[in-house]
Amino acid sequence: LRVRCQALPSWFVLRRAYLIAAGQARRRPLPLRRADVPLHLTVREDDDELALDFAHRWTAPAFFHARKNGRETLQHVKGQPLQAQKAYLEEDPVRLANLIDVLNFFETLGVAIQLKIADEEMARRWFRSVVNEYWHTVAEFVENRRAERNNARLLIELEWLFRRWNV
């Protein structure tokens, strides 16, 4: 199923991706539940617009602080041992929340690509270097977080993106 969207919120992409995976997606326009967002999906032949939508959301003013703080965090924790990374992230909850927001953005992108509702080639051209930088820097932190939370699936789609785009 390929979809057309305009300014689609990430919570909806993830919801739609899980519905498609569960075989519960509808083929007619699907209205959003949030009344304040007048958007809908319709079936179409290509999925370039959804990949572009991810690029628009990445550069959106509403995501600026998460992106900026995520970049600053990467620069600070790059090359640091795991304990130093954890200490730096835990001393400021906003810093950790912004990093998690950025990682979740890429997690959602990975789900959309796997379910073929976003164009992988276009997304790869936009995000490959950023995904590489984030994953190289936080891989050990993510592995540790998986173990602490006993959740092997934590950010697995981000890891999938990294491995797929670096073959």
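Relative accessible area is used here to class residues as buried when the value is under 20%, exposed when it is over 50%, and partly exposed in between (1.4 Å probe, protein chains only). The structure is a predicted model, in which local features need pLDDT of at least 70 and side-chain atom pairs count only at pLDDT 80 or more, whereas totals for chains, interfaces and linings use all residues. Residues are numbered from 1 along each chain as its sequence is written, and side-chain values use heavy atoms, with hydrogens and water left out.

The predictor's confidence in each residue is expressed as pLDDT, from 0 to 100; the chain has a mean pLDDT of 80, and 70% of its residues reach 70 or more. Where pLDDT is low, the predicted coordinates should not be read in detail.

Rings of Phe, Tyr and Trp (its six-membered ring) are taken to pair if their centres lie within 6.5 Å, with planes under 30 degrees apart counted as stacked, over 60 as edge-to-face and the rest as tilted. By this rule there are 12 aromatic pairs. One of them joins tryptophan 58 and phenylalanine 127, whose ring centres are 6.0 Å apart and whose planes stand at 85°, so the pair is edge-to-face. Because tryptophan 58 belongs to helix H2 (residues 48-58) and phenylalanine 127 to helix H6 (residues 120-149), this pair ties together parts that are 69 residues apart in sequence. Both tryptophan 58 and phenylalanine 127 are buried. Phenylalanine 127 also forms a tilted pair with tryptophan 126, at 6.4 Å centre to centre and 40° between the planes; here phenylalanine 127 has a relative accessible area of 1%, while tryptophan 126 is partly exposed at 44%. Ring pairs link Phe54, Trp58, Phe63, Phe105, Phe106, Trp126, Phe127 and Tyr134 into a cluster.

Notes:
Helix = DSSP H or I, 4+ residues; strand = E, 2+ residues; numbered from the N terminus.
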